[in-house]
Amino acid sequence: IMFQDFLERRQSIELVHYPEVIGAIKSATGASEVVPFHHQVRSAAVGSSGPSVSHEHGKTGRPASIVHCDFTTRNSLEAFDAIAKSHQRVGKFMIINAWRNISEYPVQNDHLAVCDSRTVTAPDDFVPFDVVYPDKTSESFHLDPSRYKSHAWFYFPEMTRSELLLFTQYDSDPVSRSRFTFHSSFRSHVPGQTETPRNSIETRCLVFFPDYRPNTIPEIVKKEEELVEAISQKILSSLSHPTKWPHEARAWMQLNLHKTDGAKKILETIVQGNEHGLDVATPSQRRQVFDSLLASEFEQKAKSSFPPVGCDETVKTAQSSIMLSLRHPDQWPLPARLWMRASLYSPNGVASVASTLVNQGAHRGQHGLANSSQETRDEVLARLLASDEFEQVSKAHFSPVL
């Protein structure tokens with residue numbers, strides 16, 4: 001994906017970059033499952049900290065030039081408890097950061113350096129530090145500089161976008177050689193040297209090893225009322241971050257939420273599932289979650305985050321034009337037909353193809369999408385993915401590559 005996609009198209013990150021990261025971590029560690037749960041795009045360019053759809057806090061960050069580790073044991077377990085399914089709560093887990101240059105040119109400055117964990121002494125070198133956001137406070141560690149002569153540092157100069165740096169943020173195994181990795185950006189400017197600014201993405205992932213022995217994951221026990229409250233808060237919190245929802249789920253929310261009793265029916269569907277910690281909830285607890293959320297700000301918050309899909313002529317025309325084009329593959333150029341046959345059947349292929357058709361259509365002035373807004377394109381995409389018709393028609397006319 002292109003550099004601008006990392007700034008403007010979260011779906012490109014989730015559909016293309018995330019699978020690449022998952023594959024790299026599995027290959028490097030032998031993990032059974034990898035779940036990306038957060039990413040941050042950073043740029044050293046002047047004025048680069050403006051709005052961005054790439055990050056949950058809505059901004060492209062600057063390179064972090066203070067030595068730190070983003071996770072402590074406490075917030076690592078909180079992230080684990082919020083995401084892990086019942087079959088993943090045994091063995092061991094890690095939080096691994098995947099760091100990558102997203103520019104066309106190598107990193108020339110503001111390099112990422114990592115500290116050799118074997119040269120760090122716990123707990124002496126670990127300084128607790130709170131990072132305060134508008135909606136939460138997160139624990140982290142800074143590195144005590146008084147023993148700096150003992151710390152060994154490494155970095156990889158001129159990293160290209162085809163390279164990926166993996167480092168441990170947390171390991172649940174207390175005897176692991178590296179449970180935490182302190183890291184920081186640093187400048188190596190040479191006077192008179194012309195340089196281009198660093199642009200990068202870091203992706204934090206929960207990494208699961210359920211067959212690892214001995215078991216290193218503590219049992220997280222909650223009283224019934226605590227479990228109900230925790231699940232309810234997770235569901236409410238998820239409404240604040242609609243860009244993290246899969247495309248199909250967002251489309252489903254937008255199309256059904258605003259119907260009569262739509263919020264109630266959606267909530268019934270959610271509490272019947274196994275997300276948000278519901279996989280360990282009893283039927284009675286699920287009912288309590290439903291009643292609690294129905295009496296809360298769930299409907300108001302959901303409707304604010306998932307506005308109804310518009311029905312203007314541009315959206316309807318684009319949807320009809322794309323569906324019509326799928327029924328006439330003989331009119332597609334050969335490279336485009338081959339791309340469809342290869343992409344459609346890959347993991348997340350249907351959503352990726354739909355997203356590309358909409359965005360490329362806008363770029364090329366096709367399907368009536370010339371000069372269309374991002375909101376309009378999102379509505380077209382939501383409608384395409386809201387039913388099975390797009391997938392059925394696509395696969396009926398574009399067979400897989402054998």
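**Burial, fold and salt bridges**

Modeller: Of the 402 residues in the protein, 45% are buried, where buried means under 20% relative accessible area, exposed over 50%, and partly exposed in between (1.4 Å probe, protein chains only). This is a predicted model, in which local features need pLDDT of at least 70 and side-chain atom pairs count only at pLDDT 80 or more, while totals for chains, interfaces and linings use all residues. Residues are numbered from 1 along each chain as its sequence is written, and side-chain values use heavy atoms, without hydrogens and water.

Biologist: How many salt bridges does the structure hold?

Modeller: A salt bridge is a side-chain nitrogen of Lys or Arg within 4 Å of a carboxyl oxygen of Asp or Glu. The structure holds 16 of them. One of these joins Glu139 to Arg74 at 2.8 Å, N to O. That pair links distant parts of the chain, 65 residues apart, with Glu139 in strand 6 (residues 137–143) and Arg74 in helix 3 (residues 73–83). Helices (H or I, at least four residues) and strands (E, at least two) are DSSP runs, numbered from the N terminus.

Biologist: Is Arg74 buried or exposed?

Modeller: Arg74 counts as exposed, at 53% relative accessibility, whereas Glu139 is partly exposed at 23%.

Biologist: Which residue forms a salt bridge with Arg89?

Modeller: The partner is Asp81, at 2.9 Å, N to O. Asp81 is buried, with a relative accessible area of 13%, and Arg89 is partly exposed at 23%.
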